[in-house]
Amino acid sequence: MKPVLPHAQLDWDDQGRPYSRVFDDVYFSDKSGLEETRYVFLGQNNLRERFAALANGGRLVIGETGFGTGLNFLCAWQLFEQHAVAGARLHFVSVEKYPLNAPDLQRALALWPELKPFADQLLAQYFAIHQGFQRLILDNGRVTLTLLIGDALEQLPQLDAQIDAWFLDGFAPAKNPDMWTAELFAELARLAAPGSTISTFTSTGWVRRLLNAAGFKMKRTPGIGHKWEILRGVFLGWPEDSAAPVSAKPWFARPTPLDGERHALVIGAGLAGCATAASLAARGWQVSLLERHDALAQEASGNPQGVLYLKLSAHGTALSQLIVSGFGHTRRLLEQLQRGVDWDDCGVLQLAFNAKEAERQAQLAAAFPDDLLHLLDRETAERRAGISLQSGGLFYPEGGWVHPPALCQWQARHPNIRILTHRDVLELRRVGGQWQAWDGKSLLADAPVVVLAGAAEIKRFPYSSELPLKRIRGQITRLHQTSASQSLSTVVCAEGYVAPARLGEHTLGASFDFHNDDLTPTAAEHAGNLHMLEEISMDLVARLGADTLQPETLEGRAAFRCTSPDYLPIVGPLADNQAFTDVYNALSKDARQTPDILCPWLDGLYVNSGHGSRGLITAPLSGELLAAWLDNEPLPLPRAVAEACHPNRFALRRLIRGR
């Protein structure tokens with residue numbers, strides 16, 4: 001059975017209100033959904049007072065079971081906007097098994113004209129919403145929405161967060177008993193911050209008793225409309241008579257958040273560095289972005305066109321989860337840029353160029369829903385691509401191409417970011433609680449936090465020299481558009497890729513060379529790229545006149561991809577390598593041990609690197625992941641995926657293998 005992202009199945013009553021066919025229940029009160037939300041969720045959690053009390057740089061995290069139409073979220077956002085100081089932030093985490101599709105969401109939210117300014121922003125970001133963790137950045141980064149798409153009891157155990165206020169929503173307990181269980185309430189308790197509040201529209205006795213048993217102190221309070229009573233409560237702490245939740249292993253635990261000056265140096269202004277700078281700046285950090293070249297995005301991030309291509313596994317690996325979440329996040333960011341010049345959502349077609357690839361594609365098509373990817377036969381693929389092809393293949397309808405420098409420039413435009421070009425950091429020194437960046441004799445900048453985002457160049461620093469990053473040279477070829485090549489209407493990939501023209505030029509590439517350290521483009525690699533074009537489409541070769549081109553006359557550029565042995569990026573805080581080995585040496589004798597010893601972190605030193613050829617998809621979300629590590633926020637990815645990307649994974653493997 002092919003999975004389908006199970007969108008909500010709705011009927012609409014004569015007042016235009018949505019009704020769930022699956023649960024045979026309403027989405028909100030037929031009296032006044034707005035009043036009920038404000039009374040049950042905003043009022044019982046004292047949100048007006050709590051928003052007003054937030055300091056500049058302060059944050060409140062709300063968790064919700066059942067995103068539904070987004071009504072609770074929009075009402076909370078409206079109240080936050082009315083009462084919080086300009087420098088405060090709202091983080092809203094909501095789980096939803098049956099998300100509304102975009103047209104249904106738009107229709108439902110049209111019922112509340114007073115919420116339109118907030119609903120319009122949500123709708124403008126509400127696409128590429130796929131299974132798993134999906135992050136939406138709203139109100140210029142002041143409001144973050146993390147949607148967990150899937151069953152609550154599958155998604156919430158993967159969440160790493162501290163929730164200040166819980167909205168226990170969802171369809172009525174009698175209609176949806178799976179949402180009102182001891183297992184679910186244990187997850188709410190695990191995620192609850194000390195003193196966290198909770199409220200719900202039901203007053204059912206067994207719900208109250210189960211919540212009390214999970215560590216919440218619940219009480220009945222007068223209801224609203226036709227609800228006589230509702231429940232509100234506060235989290236007192238994990239109950240003594242049940243096993244406490246398993247905490248993160250110390251080498252993956254969060255470092256103690258830094259107090260004081262919120263200033264960071266980010267070294268390297270490609271996709272990873274600009275994303276990191278943007279995520280920190282949106283949280284009120286002052287960021288100095290240091291780049292050794294004379295402008296942003298001069299190395300691998302400087303190619304004219306990169307492809308939003310999802311290289312997935314059918315087996316739900318950490319890398320696949322990262323790619324699906326990262327793809328959605330990048331795709332939403334691109335809406336800020338100019339379509340046709342900075343990016344285009346023309347789709348991506350991956351050809352089934354041999355039997356093994358066809359088999360792989362069939363497995364993927366069986367594992368993922370159609371709106372993410374689906375198979376096209378040869379005839380349909382040719383119509384979609386606008387050219388003749390050797391085969392059909394796998395089509396990604398929301399994919400396309402991006403001009404990476406445009407994304408970097410947009411991210412680095414934040415007023416809290418200071419761009420410092422011609423700054424080649426050769427040495428880092430830790431002096432008096434500050435990291436100092438030196439180019440030899442000159443101090444370039446200093447701050448309490450530094451993020452290394454300079455691809456494989458970060459191996460020059462002793463703190464990060466052990467990270468197993470390797471460089472792979474890649475060369476692209478630029479081909480002038482012809483009147484006949486204008487018909488190419490989607491990115492087409494086989495071993496290489498070719499994109500529809502941007503500003504009169506097609507990008508063709510990219511080579512893989514593990515041995516060449518020279519970045520001068522070579523005729524041999526242009527010839528190799530032309531050969532890859534022949535494998536994609538002889539028709540396109542003819543349309544471009546590529547069979548008459550001399551490789552030595554072609555233009556292009558070469559750059560180094562930077563990748564790790566497990567193809568996952570390296571994102572997170574750095575530990576002192578030697579001290580790590582000493583402290584956790586017991587693991588070399590018994591890998592099942594978890595020594596109760598704090599990790600020897602290098603205070604304020606972080607890394608965002610190793611994105612390989614997937615930087616467009618993984619780097620922007622990795623910026624959010626780093627900001628979450630630094631600001632002690634809900635992680636934008638499942639905990640296991642964040643751990644799979646953690647820099648400490650390599651030191652840990654070395655210890656366990658006894659090296």
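Which residue stands opposite Q436 in strand 23?

1. Basis of the note. This is a predicted model, in which local features need pLDDT of at least 70, side-chain atom pairs count only at pLDDT 80 or more, and totals for chains, interfaces and linings use all residues. Residues are numbered from 1 along each chain as its sequence is written, and side-chain values use heavy atoms, with hydrogens and water left out.

2. Domains. Three domains are assigned. Domain 1 covers 10–235. Domain 2 is made of 261–298, 406–468 and 566–657. Domain 3 consists of 348–397 and 470–563. These bounds come from an automatic or database domain assignment. Between the C-alpha centres of domain 1 and domain 3 the distance is 44 Å.

3. Six strands form an open sheet in the order 20-13-12-24-31-30, and the pairing is mixed. Strand 20 (417–420) and strand 30 (570–575) are the edges; each has a single partner strand, so one side of each lacks a neighbour in the sheet. From one strand to the next, the twist averages 20 degrees. Strands here are DSSP runs (E, at least two residues), and helices are runs of H or I with at least four residues; both are numbered from the N terminus. Two strands pair if DSSP finds at least two bridges between them. Strand 30 and strand 31 (residues 601–609) run antiparallel and are joined by five bridges. Within strand 31, V607 stands opposite G572.

4. A second open sheet has the order 21-22-23, with antiparallel pairing. Its edges are strand 21 (427–431) and strand 23; each has a single partner strand, so one side of each is without a neighbour in the sheet. Neighbouring strands are turned by 25 degrees against each other on average, direction ignored. Four bridges link strand 22 (residues 434–438) to strand 23 (residues 443–447) in the antiparallel sense. D446 is the residue of strand 23 that stands opposite Q436.

5. Strands 9, 10 and 11. Strand 11 (residues 229–235) pairs antiparallel with strand 9 (residues 192–200) over four bridges. There, T200 has L231 of strand 11 as its bridge partner. Strand 10 (residues 216–222) also pairs with strand 11 in the antiparallel sense, over seven bridges. K219 is bridged to R232 in strand 11. Strand 10 and strand 11 make a hairpin with six residues between them, and G225 in the turn has a positive phi of about 65 degrees.

6. Helix 9 against helix 13. How do these two helices pack? The axes of helix 9 (residues 271–282) and helix 13 (residues 404–411) come within 8 Å and cross at roughly 25 degrees. Axes are lines fitted to C-alpha atoms, for helices over the stretch in contact; angles run from 0 to 180 degrees between N-to-C directions. The two helices are therefore roughly parallel to each other. Angles under 35 degrees count as roughly parallel, over 145 as roughly antiparallel, 65 to 115 as roughly perpendicular and the rest as oblique. The crossing is left-handed, meaning that the near helix is turned anticlockwise from the far one by less than a right angle, while clockwise is right-handed. L271, C274, A275 and A278 of helix 9 meet P404, L407, C408 and Q411 of helix 13. Contact means heavy atoms within 4.5 Å. The contact residues divide into seven nonpolar, one polar and no charged.

7. Helix 9 against helix 17. Helix 17 (residues 615–631) also comes within 8 Å of helix 9, axis to axis, with a crossing of roughly 40 degrees. Helix 9 and helix 17 are therefore oblique to each other. The crossing is right-handed. The contact residues divide into 10 nonpolar, four polar and one charged.

8. Two backbone details. G509 and A510 are joined by a cis peptide bond, with omega about -10 degrees. A510 sits in the loop between strand 28 (505–509) and helix 14 (523–536). N46 is not a glycine, but its phi is positive, near 55 degrees. N46 lies in the loop between helix 1 (33–43) and helix 2 (47–53).

Terms used
Ala, Val, Leu, Ile, Met, Phe, Trp, Tyr, Cys and Pro count as nonpolar, Asp, Glu, Lys and Arg as charged, and the others, Gly among them, as polar.
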